[in-house]
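I opened the model today and kept notes as I went. The entries below follow the order in which I looked things up.

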Amino acid sequence: MMEPLSIRIRPDTLEEFIGQAHILHKKSLLYQSIKNKTFDSAIFFGPPGTGKTTLARIIVKELDANFYELNATTTGTKDLKEIIDYAKKTKYTLGYKPTYVYVDECHRWNKSQQDTLLKALEEGTIRFIGSTTENPYFAMNPAVLSRVRAVYELKSLTAEELSQMLIRAISHKNGLGSRKVLISQENIDLIATLCNGDGRIALNTLEFIVRSLGNDIEIEKDMIIEAMQQRMNYYDREEDKYNYLSALQKSIRGSDPDASILYLAQLIEGGADILTIGRRLLVIASEDIGLASPNAISIVLSCIQAAQMVGFPEARIILAEAVLFLACSPKSNSSIVAIEQAASDIRTRNIDPPPPHIMDAHYSGAKKRGFGKNYLYPHDFGGYVKQQYLPNNLYEEKRSYYRPTENGSEKSIKERLDSLRKK
């Protein structure tokens, strides 16, 4: 049986590797340690299909080392001990090569299994590369982590990186290069977007379609959606995604939970990832909810982080909770109004400097300039004392930026500020 496409075109060099530029750019320590053959031990963690196994294999090939690949779901300590014993025997022999042990899903080993690594790592008998979809700081034995040189987080591949990977697969001699694959760039991008950052899914989906159709048949949008086993109206244009995001925000702003949840479903079924949706929800929590429900941003952030942790399809439940919370919350746009008006004044007006009594007085010569003189420390007056903070010209015209609403928690903020201003 033929190997999957993702295996057949697996890159052999760092130059062919796609993605993870945040840790693998040419000036990075990881890249330099591989090229200079000083790479020691490491753990790679991140979502499936981001290149963890591929990167481990490339590293060992670059280092010209002995390489053993284990999977923690099927391999126990017996196999590991045999590798360690062999590495000990060959450590001081002629033509010695370092021994790297790669353990996929390393978090699945229990504490005693992980402890088998400790002495060998301490003595330098082997070097360890682990990969995991779990956060190793929670899933791995701290004693192992302390002996590993570095922990690297691999991120989901972007749609652009996945498109690049698919284009490479179509022309690769070990991939689909021998077949006449007819597919538009738009539909390549569609596959890339639907795969939620997973390179393995993207490549194997493409191959499934090609093998099902045969040669000389163009791959169409409906075929891609069928192959991905998704019933949905995907965005016909990139702008559609932003239209749905806009509709989501305006529905939440209008306190319509039904419309809000509909547009969330449209985004999810259309292939929008958690971060795309999450970023917009965080903006909404500040721009449209604001101080009327000041805990909204913390709740939404927690929901986004939880959604990322569990992934789709369950993530949709958590995102729905965030959307419904925002739609049903009291609303205030006072934060965005305040910062926009202040920024507008900065750009369009000449504004005096801060009054001298609130200038920095913690350096030699500040007193001679009158800085800090007559400053009233509010805590000495029970937490509030009336004094000037605005620049002179704005203070004289009684310029105001923050205007609290009567909604939700902001009503109490307004009442407190009104009472302070009467003192």
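Entry 1: I started at Glu406, which at 49% relative accessibility counts as partly exposed. The scale I used calls a residue buried under 20% relative accessible area, exposed over 50% and partly exposed in between, with a 1.4 Å probe and protein chains only. The model is predicted, so local features need pLDDT of at least 70, side-chain atom pairs count only at pLDDT 80 or more, and totals for chains, interfaces and linings use all residues. Residues are numbered from 1 along each chain as its sequence is written, and side-chain values use heavy atoms, with hydrogens and water left out.

Which side chain does Glu406 meet in a salt bridge? I found Lys414, at 3.6 Å from N to O. For a salt bridge I required a side-chain nitrogen of Lys or Arg within 4 Å of a carboxyl oxygen of Asp or Glu. Lys414 is partly exposed too, at 24% relative accessibility.

Entry 2: I then checked Asp418. Lys414 forms a salt bridge with Asp418, and the closest N and O atoms are 3.1 Å apart. Both residues lie in helix 20 (residues 410-421), 4 residues apart, about one turn of the helix. Helices here are DSSP runs of H or I with at least four residues, strands are runs of E with at least two, and both are numbered from the N terminus. Asp418 is partly exposed, with a relative accessible area of 28%. Elsewhere, salt bridges that share partners join Glu15, Lys35 and Glu62 into one network.

**Entry 3: the salt bridge count.** How many salt bridges does the rule give? I noted 16. One of them pairs Glu287 with Arg253, the closest N and O atoms being 3.4 Å apart. This pair links distant parts of the chain: Glu287 is in helix 15 (residues 274-289) and Arg253 in helix 13 (residues 238-253), 34 residues apart. Glu287 is partly exposed at 21% relative accessible area. Arg253 is partly exposed at 36%.

Entry 4: I traced an open sheet of 5 strands, in the order 2-3-4-1-5, with parallel pairing. Which strands stand at the edges? Strand 2 (66-71) and strand 5 (150-153) do; each has a single partner strand, so one side of each is left without a neighbour in the sheet. Strands pair here if DSSP finds at least two bridges between them.

Ala42 stands opposite Ala150 in strand 5. The covered face of strand 5 holds Ala150 and Tyr152, while Val151 and Glu153 make the uncovered one.

**Entry 5: the database record.** An unreviewed UniProt entry lists residues 38-156 as "domain: AAA+ ATPase". Its positions are given in the numbering used here, feature names are shortened, and annotations may be inferred rather than shown by experiment. Over residues 38-156 I read 41% helix and 22% strand, with the end C-alpha atoms 27 Å apart.

Entry 6: Most residues other than glycine have a negative phi, and most peptide bonds are trans.

- Phe312 to Pro313 is a cis peptide bond, with omega near 10 degrees. Pro313 is in the loop between helix 16 (296-310) and helix 17 (315-328).
- Asp64 has a positive phi, near 55 degrees. Asp64 sits in the loop between helix 4 (52-63) and strand 2, and is partly exposed at 48% relative accessible area.
- Asn196 has a positive phi of about 55 degrees although it is not a glycine. Its loop runs between helix 10 (185-194) and helix 11 (199-213). Asn196 is partly exposed at 41% relative accessibility.

**Entry 7: Ile358.** Where is Ile358 placed? I found Ile358 in the loop between helix 18 (334-348) and helix 19 (392-396). Ile358 is partly exposed, with a relative accessible area of 31%.
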